[in-house]
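Thanks for coming, everyone. I'd like to walk you through one structure today, so let me put the sequence and the model on the screen.

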Amino acid sequence: MTSFEVRTGRRTEFVEVTDQVRRAVGEAGLTDGACVVYCPHTTAAITIQENADPDVVHDMLLWLNHHVPKDVPGFRHAEGNSDSHIKSSLVGSSATVLVRGGELVLGTWQGVYFCEFDGPRTRTVHVQAIG
C-alpha cells in the first residue's frame, strides 16, 4: 500500500489526484489488476469524474452544497460539520480503478479526485494495488 497527502485550501473542493495514483501503481509494479483509492476520513471522499472541463467539478460542488447545506436547523453534531459527513457518505470513501499494461484504465475525460468537504486540511489517501 502507498499513501500520500493532499492539502486543501477551501471548505469544499475537489483535488485531482490521478497523477499520484498513477505514481503509486507504478511504484507497486502493478501491470494488470486493479487499485483501490481510499480516503480514511469521515468528512472527505474519493470519486472518478470528468477532468477536462472544470465546470463539472464546480457544478457537482454547487449541487452538493445546495442540497446538503452547512447549517441545517436540527443538525446536532457538536463539531458543526454534519453536512460534511453526509456529503462524504453520498460520494463514498473509495474508488476502484482497473489497471492494464501498467496504466490506469480511465476514460478519455476521467480523473481521480479527492473530495474535501470540511477543509482546509491536510488529508491522507491510500492506494492499494491488487494484481
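How many bridges pair β2 and β7, and is the pairing parallel or antiparallel? The two strands pair over four bridges, and the sense is antiparallel. Before I go on, please keep in mind that this is a predicted model.

Let's stay with that pair for a moment. Glu16 stands opposite Tyr113 of β7. On β7 there is also a pairing with β4, residues 44-50, which is antiparallel and runs over seven bridges. In that pairing, Ala45 stands opposite Cys115 of β7.

So is β7 mostly buried or exposed? This strand spans residues 110-116, and six of its seven residues are buried, so it is largely enclosed by the rest of the structure.

Now step along to Val17. This residue lies in the loop between β2, residues 13-16, and α1, residues 18-28. Its relative accessibility is 0%, and because buried means under 20%, Val17 counts as buried. Which residues does Val17 touch, if we leave aside its neighbours within four places in sequence? The contacts are Phe4, Val6, Val112, Tyr113 and Phe114.

On to the helix. In α1, the buried residues include Thr18, Val21, Ala24 and Val25. Why do they sit on the same side of α1? Because they cover an arc of only 125° around the axis. After α1 comes Gly29, and its phi is positive, near 75°.

Finally, the other strands. There is an open sheet of five strands, in the order β1-β8-β3-β5-β6, with antiparallel pairing. Which strands stand at the edges? They are β1, residues 2-7, and β6, residues 103-104; each has a single partner strand, so one side of each is left without a neighbour in the sheet. Within this sheet, β3, residues 33-38, and β8, residues 122-130, run antiparallel and are joined by five bridges. If you want a pair to look for on the screen, Cys35 has Ala129 in β8 as its bridge partner.

That's my tour, and I'm happy to take questions.

Key:
Residues are numbered from 1 along each chain as its sequence is written. This is a predicted model: local features need pLDDT of at least 70, side-chain atom pairs count only at pLDDT 80 or more; totals for chains, interfaces and linings use all residues. Side-chain values use heavy atoms; hydrogens and water are left out. Buried means under 20% relative accessible area, exposed over 50%, partly exposed in between (1.4 Å probe, protein chains only). Contact means heavy atoms within 4.5 Å. The arc is that of the directions from the helix axis to the C-beta atoms. Two strands pair if DSSP finds at least two bridges between them.
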